[in-house]
Amino acid sequence: MVSAENQASAKTTQRTAVIVVAAGSGTRLGYGVPKALVPLKGRSLLEHALDNIARTRCAGEVIVVLPPGDTELARLCASHPLAPLLVPGGSTRNDSVRAGLSKMGPGTENVLIHDAARCLTPPDVFDAVAAALADGAKAVIPVLPVVDTIKTVSQDPGEVHPHVTGTPARESLRAVQTPQGFHAPTLIAAHAQADGWDKVTAEAITDDAMLMEMLGERVSTVPGSPAALKITTPTDLLLAKFLLATNPTEGTPVNQPDEQIPAQPVPLIIPRTGIGIDVHAVADASEPREMWLAGLHFPGVQGLSGHSDGDAVAHAACDALFSAAGIGDLGTHFGTDRPEYAGASGTTLLAEAARLVRAAGFEIGNVAVQFVGRRPKFAARRLEADAVLSEAAGAPVTVTATTSDGLGYEGTGEGLTAYATALVYSVQR
Ligand code: CTP
Ligand code: MG
């Protein structure tokens, strides 16, 4: 048990450095900038991490490991009240940790290694780790119980679906967070020892605690915090935004504790919307055609003209999907260079459009289509249309219909217009 007295004394009696590793590229978050620079409630993830560290009792020297070549994060660090020491990182997290360790002042007793990606880790967690070190532990990690049942799996040669090899007892499992705290000389020695290890062994080391375990050091645990989640994917960023919104003291810059935070745009991962419009003339009476619309056949109604089945609703839905994903339009994907789609049905085109959108890294939220026209009479078949198109897209598609009060080509029955919107969101596959 960590006493309050020990916690309070951690700062005064021991030299504790905090190394924030922020040199990753944030590939899975997909912002195209280093993850530490991604904004959350108007402040970068790294600034949030520094704000929380500034509120700890234990942090002495603070070192931030930045992406090599970065200037933007360095500028933010320079204007932060902590004024951390900066050092360029390496190509792996392990290399970045080493870069940070190399900058640590002589005589540092304990060091806390922290992921900038866990930017909302509360100050108490840092202090609890430092306090356990002050109590004599050589290595301390914050952990949370695991809620899922965890399986180990293996894949035999030629096996399509990996098979389960075991189910570790959940009570003994913990999810690990940062900061991970270490007796500094012991961690430096451990890294020095690992220097000579072969590449495969070295790459298997995913955190510093593991390194200590491999060298036979006892690693202690303290309770972590749900707020210390690692922001890895867009969903994590949304969760972090939610945590900030439900805890108004979080995310307050340390240098303006009493000031109102100025309203900022919140550039999180925002779903993308798209629009698609398709107009088809009703075929001339001299040229009888079947009416296909919204994936359905309407017997006895003169159909729409066009090379395909003229399904304006399905075509508008396809264009809205392409527009949302930013991957062109119907002409781009079903043009003359894809003759296999000449004359294809609306549902075939919609299914292929949905596949292309997913292949581009998106999932589909929904597609909504409204068509304006006198024929076909639609109300009785609306649910059927929704079902057919949703099946084709693999996502909810809803269709509504209206008339134009007799105005224009839709009013005279010469043609109809379909308007579609689609919502897609970026996903990690
Ligand atoms: N990190 C680092 N140097 C690296 C790789 C990672 O300092 N070469 C840091 C990241 O900045 C992050 C932490 O280690 O704070 C955990 O890594 P992760 O969550 O994987 O972040 P990224 O590597 O940036 O993300 P991704 O793997 O999606 O590219
Ligand atoms: Mg990474």
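**Figure 1. Residue classes in the lining of the largest pocket.** The lining of the largest pocket comprises 11 nonpolar, 14 polar and 11 charged residues. Here Ala, Val, Leu, Ile, Met, Phe, Trp, Tyr, Cys and Pro count as nonpolar, Asp, Glu, Lys and Arg as charged, and the others, Gly among them, as polar. The structure is a predicted model, in which local features need pLDDT of at least 70 and side-chain atom pairs count only at pLDDT 80 or more, while totals for chains, interfaces and linings use all residues. Residues are numbered from 1 along each chain as its sequence is written, chains are lettered from A and ligands numbered from 1 in the order in which they are written, and side-chain values use heavy atoms, with hydrogens and water left out.

**Figure 2. Extent and lining of the largest pocket.** The volume of the largest pocket is about 840 Å³. Of its 36 lining residues, Thr92, Arg93, Asn94, Asp115 and Thr206 are the closest to the centre. A pocket is an open set of points on a 1 Å grid over the protein atoms alone, where a 1.4 Å probe fits, with protein on both sides within 12 Å along at least five of seven lines; lining residues have an atom within 4 Å of a point. Helices α4 (93-102) and α7 (199-203) each contribute at least two lining residues, and α4 provides the largest share, 5 residues. Helices are DSSP runs (H or I, at least four residues), and strands are runs of E of at least two.

**Figure 3. Ligand 1 and its surroundings.** Ligand 1 takes up the space of the largest pocket, a placement that requires more than half of its atoms to lie within 2 Å of the grid points. It is surrounded by 18 residues, of which Val21, Gly26, Thr27, Arg28 and Ser96 are the closest. This shell contains 5 nonpolar, 8 polar and 5 charged residues.

**Figure 4. Backbone atoms facing ligand 1.** Oxygen atoms of ligand 1 lie 3.1 Å from a backbone N or O atom of serine 25 and 2.8 Å from a backbone N or O atom of glycine 26. A polar backbone atom of threonine 92 is 3.3 Å from a nitrogen atom of ligand 1.

**Figure 5. The second largest pocket.** The second largest pocket holds about 300 Å³ of space. Its lining has 16 residues, and the closest to its centre are His307, Ser308, Phe334, Tyr341 and Gly343. Both β13 (272-281) and α11 (330-334) supply at least two residues of this lining, with α11 giving the most, 3 residues. By class, the lining has 6 nonpolar, 8 polar and 2 charged residues.

Technical notes
Points joined across faces, edges and corners; volume = space filled by probe spheres on them. Near = heavy atom within 4 Å. Polar contact = N/O pair within 3.5 Å; in protein donor to acceptor, adjacent residues only side chain to side chain.
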